[in-house]
Amino acid sequence: STGAQRAANNADIVAYPSDNYAGLSTQLGAYGGDNEAGQVWPNGNDDPEFACVTPLIVNYSSTAFSGADNTFRSKGEEAMRYAVTKSYRTALGGRQMNLFLLSNDLYYQFKMSQAGKERLIVSSNTGLRALGFDDVIHLDGIEVTYENSINSRWGYGINADNIELRNIYDSIVKAKAEDFKYNHVTQRVEAAVVNLGNLCFRSPRNTVKLMPYTDM
């Protein structure tokens, strides 16, 4: 109700960010600025520096969202729409998210919630479908899919334009000549290649994490 950090309850829609990213504090106001008078972040407008490194952590089980129960199937769509809107209050050089990556458990629940209203255009030649990913749903123009290595109760909203792949090597992948072998069974040349790098986010500001109250 005030924007200050306090103990959480399941009526809260967002969590208070209190971590660090690349040595920078994600807490609100850590680098100055303020939120609009009379409004509690992320509602209202804020100064660019007020939340310049602050991600949006959305409690999708919040009792403030409509739905028959506190599952992602009941409240996930509303929580994701909230996340899209509130994660892009000011751009700060970043771009609005264009992809939700959910755990396969959450993705299944989301698929079931959309089953009665999804219209799939199989011939789509844009986005992930153009790259060969068939299991993709669109929500307000944003692609939604899953990633097997995400915690079963979580999901993320990102935009790849806000992310840079930084490599230790001078190329994205590295291989030695002796790593290439001819496979007589498949009649193909196969290789073992390695990558050593990290994904660097321009700022967590335009990034969203979806999680239930029990994990906050």
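1. Six strands form an open sheet in the order 3-12-7-4-6-5, with mixed pairing. Strand 3 (56-59) and strand 5 (137-139) are the edge strands, and each pairs on one side only. From one strand to the next, the twist averages 25°. Two strands count as paired if DSSP finds at least two bridges between them. Strands (E, at least two residues) and helices (H or I, at least four) are DSSP runs, numbered from the N terminus. Strands of a sheet pair through backbone hydrogen bonds, either parallel or antiparallel.

2. Basis of the model. This is a predicted model: local features need pLDDT of at least 70, side-chain atom pairs count only at pLDDT 80 or more, and totals for chains, interfaces and linings use all residues. Residues are numbered from 1 along each chain as its sequence is written, and side-chain values use heavy atoms, with hydrogens and water left out.

3. Strand 7 (residues 155-158) and strand 12 (residues 208-211) run antiparallel and pair over three bridges. Here Gly155 stands opposite Leu210 in strand 12.

4. The helix on the sheet. Helix 2 (residues 104-114) packs on the sheet. It touches strand 4 (99-102), strand 5, strand 6 (142-146) and strand 7. Contact means heavy atoms within 4.5 Å. The direction of helix 2 makes about 125° with that of strand 6. Axes are lines fitted to C-alpha atoms, for helices over the stretch in contact, and angles run from 0 to 180 degrees between N-to-C directions.

5. A hairpin. Strand 9 (residues 180-183) and strand 10 run antiparallel, joined by four bridges. Tyr182 has Val189 in strand 10 as its bridge partner. The two strands form a hairpin with four residues between them. In the turn, Gln187 has a positive phi of about 55°.

6. The rule asks for a side-chain nitrogen of Lys or Arg within 4 Å of a carboxyl oxygen of Asp or Glu. Arg81 and Glu77 form one, with the closest N and O atoms 2.2 Å apart. The two are four residues apart in helix 1 (residues 72-86), so about one helical turn separates them. Arg81 is partly exposed at 34% relative accessibility, while Glu77 is buried at 17%. Buried means under 20% relative accessible area, exposed over 50%, and partly exposed in between (1.4 Å probe, protein chains only).

7. A link between distant parts. Asp215 and Arg153 meet in a salt bridge at 2.7 Å, N to O. The pair links distant parts of the chain, 62 residues apart. Asp215 is in the segment after strand 12, and Arg153 is in the loop between strand 6 and strand 7. Asp215 is partly exposed at 24%, and Arg153 is partly exposed at 36%.

8. Another pair, and a network. Glu164 and Arg166 form a salt bridge with the closest N and O atoms 3.5 Å apart. Glu164 is partly exposed, with a relative accessible area of 43%. Salt bridges that share partners join Glu77, Arg81 and Asp140 into one network.

9. A nonpolar patch. Leu165, Ile172, Val173, Val193 and Leu199 make a nonpolar surface patch of about 460 Å². Patches are made of residues with over 30% relative accessible area and no salt bridge; like charges are joined within 9 Å, nonpolar side chains (Val, Leu, Ile, Met, Phe, Trp, Tyr) within 5 Å. Val193 lies in the loop between strand 10 (188-191) and strand 11 (197-201). Val193 is partly exposed at 47%. Accessible areas come from the Shrake-Rupley method with a 1.4 Å probe; for residues, only the protein chains shown count as cover.
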